[in-house]
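Please look over the sequence and the structure below before reading on.

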Amino acid sequence: MVPSPAGVNSVLRVAPASPAAAAAYFGASLAFHADVSDVAAALAADGDPGFVVLDSRSAASWDQGHIPGAVHLPTVLIAEQAERLLDKSVPVVTYCWGPGCNGATRAALALAQLGFQVKEMLGGFEYWAREGFEFETWQGREHSAADPLTAPVDAEDCGC
């Protein structure tokens, strides 16, 4: 462990950003990202959520499990097929496997370069399933019990 200089711990060794810079950064982050539970709540509400969900993974991954109603468009096919499958006036929320995968980021970049409004769903399919939301496989609809490390056990939402 590296000793900290004169009472400054490793968290504060680099000072926090100014409140204005922090507000700009976190505001921008929300413009680029969507939370799994927020996406699920919007899809579960009556009516049009105002966005389309796009699964950017391979066909084998899609068959293993995907969000009901999602559009399947692997990242490698976006340039060729996005304008035929998607409406540029409807925002797109991309997802891939999970936090350890940047496929949704690559898909969001490809879509933005084509002129689509886009957000990335944080947590991807992994957190969708871990939070207990229903998903589809080639065998039908399934869901797992919510993981108490990712979702509240006895509440509708986490309150955040």
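## Basis

This is a predicted model, in which local features need pLDDT of at least 70 and side-chain atom pairs count only at pLDDT 80 or more, while totals for chains, interfaces and linings use all residues. Residues are numbered from 1 along each chain as its sequence is written, and side-chain values use heavy atoms, with hydrogens and water left out.

## Overall build

The protein has six helices and seven strands (DSSP runs, H or I of at least four residues for helices and E of at least two for strands, numbered from the N terminus). Read from the N terminus, their order is α-β-α-β-α-β-α-β-α-β-α-β-β.

Along the principal axes, the C-alpha atoms fill a box of roughly 60 × 40 × 30 Å. Of the 160 residues, 31% count as buried (under 20% relative accessible area; exposed is over 50% and partly exposed in between, with a 1.4 Å probe and protein chains only).

## Cysteines

A disulfide is a covalent bond between the sulfur atoms of two cysteines. Zero disulfides are found in the whole structure (the cut-off is a pair of cysteine sulfur atoms within 2.5 Å). The closest cysteine sulfur to that of C96 is in C101, at 3.3 Å, which is too far for a bond.

C96 is buried, at 3% relative accessibility, and C101 is partly exposed, at 25%.

## A negative patch

D35, D38, E156 and D157 form a negative surface patch (residues with over 30% relative accessible area and no salt bridge, like charges being joined within 9 Å and nonpolar side chains, Val, Leu, Ile, Met, Phe, Trp and Tyr, within 5 Å). A salt bridge is a side-chain nitrogen of Lys or Arg within 4 Å of a carboxyl oxygen of Asp or Glu.

D38 lies in helix α2, residues 36–44. D38 is exposed, with a relative accessible area of 53%.

Definitions and conventions. Areas by Shrake-Rupley, 256 points an atom, 1.4 Å probe, with all protein chains shown as cover. Lys, Arg positive; Asp, Glu negative; His and termini not counted. Charge placed at Lys NZ, Arg CZ, Asp CG, Glu CD.
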